Amino acid sequence: MRVAIVGASGAVGQELLRILAERDFPVDDLVLFGSTRSAGRLYNFKGKDYEVKLLQHNDDFKGVDIAFTSAGAGTSKEFAETITKYGAVMIDNSSAFRMDDDVPLVVPEVNAPDALKRPRGIIANPNCTTIMMVVVLEPIEKLSHIKKIHIASYQSASGAGAAAMKELEQQYKEMVEQGHVTTINKFPHQLAYNVIPQIDKMTPNDYTKEEMKMYNETRKIMHSDVRTSATCVRVSSLRSHSESVWFETEKPLSVEEIREALKDAPGVTVVDDPQNYVYPMPLESAGKDDVYVGRIRKDLADDNSNTLWLTGDQIRKGAALNAVQIAEYLIKEDNVK
Ligand code: 2RA
């Protein structure tokens, strides 16, 4: 496979390099692309150095089989044609095409076969918060249709990129050294010692774009009429997102049924012994592949609802790992070209 990574210097680009190496993805040749800022940098992959090329409208993608793109929606939109022109499959981490009818939106544990129908050669990787939630809800959907979801998210700095992670560390340093924060660029407000109930821009209905992604993308991935009402919140964990999820099913489900279904579910690890204070936390899921679930219990406010807590590494399952799993599925199905 000739593999390209667009946005190689970013948090997701760097994680893609690690995951491709770790999983022994069949890379025969690797081409890294970036902006003027990162062009010329060298990154090592399996003992060999690769130089980041400037992303341009030329024939650089001739011969590329799979292109992982993670350089923002604007870049994805501008370069999609250049990237796919010679038959490369573009697995796009941005929000540019997610809701387009002719672009599949894929979480392999949920709807892998959707990736096989891609008229534009583009497969979209969903929003990180949505990916983690659907991995956990799909096995429950198989027990009984999920009609409604309420969710409050606790999203790490990594969701806003590598520079945002550095900014959070800088803010804590400034608090310790000078008692107040002076660096606020990547977040709308100070994040250190704070939580911010806004991720992405506001939309006219007073939900943020992130919250509307959860509504729309969940329906598309799960092929469902489910309605999701989310409040997405930035917290000061560094790279794992967490979510508190309440879900109403058509028929009532017991906690035991849910726990059993999740124990067998791909990509999910159940960590749930609340009486002994055992539940998943972002510090522990950081750097891991699975989505971790605990605090599974009946919703006291609704007999047909249950509630649970989940946490997963935003850069891995929320982005890079999901993209690589899509590519692995295509290879397994002999469906790369
Ligand atoms: C965030 N979900 O956490 C976004 C990143 N895609 O900011």
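Biologist: In what order do the seven strands of the open sheet run?

Modeller: Before that, this is a predicted model, where local features need pLDDT of at least 70 and side-chain atom pairs count only at pLDDT 80 or more, while totals for chains, interfaces and linings use all residues. Residues are numbered from 1 along each chain as its sequence is written. Strands here are DSSP E runs of at least two residues, numbered from the N terminus, and two of them pair if DSSP finds at least two bridges between them. The pairing in this open sheet is mixed, and the order is 3-4-2-1-5-6-7.

Biologist: Which strands stand at the edges?

Modeller: Each edge strand has a single partner strand, so one side of each is left without a neighbour in the sheet. The edges are strand 3 (42–45) and strand 7 (122–124).

Biologist: On to helix 5: which of its residues are buried?

Modeller: Helices are DSSP H or I runs of at least four residues, and this one covers residues 162–178. Buried means 20 or more other C-beta atoms within 10 Å of a residue's own, exposed means 12 or fewer, partly exposed is in between, and C-beta atoms are placed from the backbone. By that count the buried ones are E167, L168 and Q171.

Biologist: Why do they end up on the same side of helix 5?

Modeller: An α-helix has 3.6 residues a turn, so residues three or four places apart point the same way. The arc uses the directions from the helix axis to the C-beta atoms. These residues sit on the same side of helix 5 because their arc around the axis is only 105 degrees.

Biologist: Which exposed residues does the face turned away from the buried side carry?

Modeller: That face of helix 5 is turned away from the buried side. Its exposed residues are V176 and E177.

Biologist: Last one: how many residues of the shell around the ligand are charged?

Modeller: Near means a C-beta atom, placed from the backbone, within 6 Å, and the surrounding residues include N127, T129, I199 and E210. Asp, Glu, Lys and Arg count as charged; Ala, Val, Leu, Ile, Met, Phe, Trp, Tyr, Cys and Pro as nonpolar; the others, Gly among them, as polar. The shell has three nonpolar and four polar residues, and the charged count is one.

Note on methods:
The expected span of a helix is 1.5 Å times one less than its number of residues.
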